[in-house]
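Take a moment with the sequence and the fold. The paragraphs below go from strands to cross-links and back to strands.

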Amino acid sequence: QLQASGGGLVQAGGSLTLSCAASGRTFSNHGVGWFRQAPGKQREFVAAISRNGGKLLAGSVKGRFTITRDNAQNTVYLQMNSLKPEDTAVYYCAAGWDIAATPSTYVDWGQGTQVTVSS
């Protein structure tokens, strides 16, 4: 089971750190991805980190977002800096055996955490 947390309301230019914690599984054997979905829009890939630490980032967040993992804590983090109003969405984390920008790569999904960026 995955639990995403850390969302909230922040002004444009601010920062938030999202956490994705796993229970009942060994996170270190899995890749983890972050996706987001804004109202009326399709789910969009944000970032992913493989079990070996390889990373993927969407072009829209490169240079602003960083994904890291702490296998000892069974947690993956998404550090979001220089937030923009267009980053407003529900953010979901997901786990799979590999990483990719496609949602079908992932087999387990968390419940999502709301991020709202005000202008």
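In which strand is A22 found? A22 is found in strand β3. This is a predicted model, in which local features need pLDDT of at least 70, side-chain atom pairs count only at pLDDT 80 or more, and totals for chains, interfaces and linings use all residues. Residues are numbered from 1 along each chain as its sequence is written, and side-chain values use heavy atoms, with hydrogens and water left out.

Strands here are DSSP runs of E, at least two residues long, numbered from the N terminus. A22 is buried, because its relative accessible area is 12% and buried means under 20% (exposed is over 50%, partly exposed in between; 1.4 Å probe, protein chains only). Leaving aside neighbours within four places in sequence, A22 is in contact with Q1, L2, F27 and N74. Contact means heavy atoms within 4.5 Å. A22 and V76 lie 54 residues apart in sequence, yet their C-alpha atoms are 8.7 Å apart in space.

Now place β3 in its sheet. Four strands form an open sheet, in the order β1-β3-β8-β7, with antiparallel pairing. The edge strands are β1 (2-5) and β7 (65-70), each of which pairs on one side only. On average, neighbouring strands of this sheet are turned by 15° against each other, direction ignored. That angle is taken between axes, which are lines fitted to C-alpha atoms; angles run from 0 to 180 degrees between N-to-C directions.

Strands of a sheet pair through backbone hydrogen bonds, either parallel or antiparallel. Two strands count as paired if DSSP finds at least two bridges between them. β1 and β3 (residues 16-22) pair in the antiparallel sense over four bridges. L2 has A22 as its bridge partner in β3. S5 stands opposite S19, also in β3.

A disulfide is a pair of cysteine sulfur atoms within 2.5 Å. By this rule the count comes to one disulfide. C20 and C93 form the link, with their sulfur atoms 2.1 Å apart. The link of C20 and C93 is right-handed, with 75° about the S-S bond. C20 sits in strand β3 and C93 in strand β9 (residues 89-96), so the pair links distant parts of the chain, 73 residues apart. Both C20 and C93 are buried.

Next, the charged pairs. A salt bridge is a side-chain nitrogen of Lys or Arg within 4 Å of a carboxyl oxygen of Asp or Glu. How many salt bridges does this rule give? The count comes to three. E44 forms a salt bridge with R36, the closest N and O atoms being 2.8 Å apart. E44 is partly exposed, with a relative accessible area of 34%. R36, at 6% relative accessibility, counts as buried.

R36 also forms a salt bridge with D87, with the closest N and O atoms 2.9 Å apart. This pair links distant parts of the chain: R36 is in strand β4 (residues 31-37) and D87 in the loop between β8 (75-80) and β9, 51 residues apart. Both R36 and D87 are buried.

The side chains of R64 and D87 meet in a salt bridge too, at 2.7 Å from N to O. R64 lies in the loop between β6 (55-57) and β7, and D87 in the loop between β8 and β9, so the pair ties together parts that are 23 residues apart in sequence. Both R64 and D87 are buried. Through shared partners, salt bridges join R36, E44, R64 and D87 into one network.

Finally, turn to β11. Strand β2 (residues 8-11) and β11 pair in the parallel sense over four bridges. V10 stands opposite V117 in β11. β9 and β11 run antiparallel and are joined by three bridges. Y91 has T113 as its bridge partner in β11.
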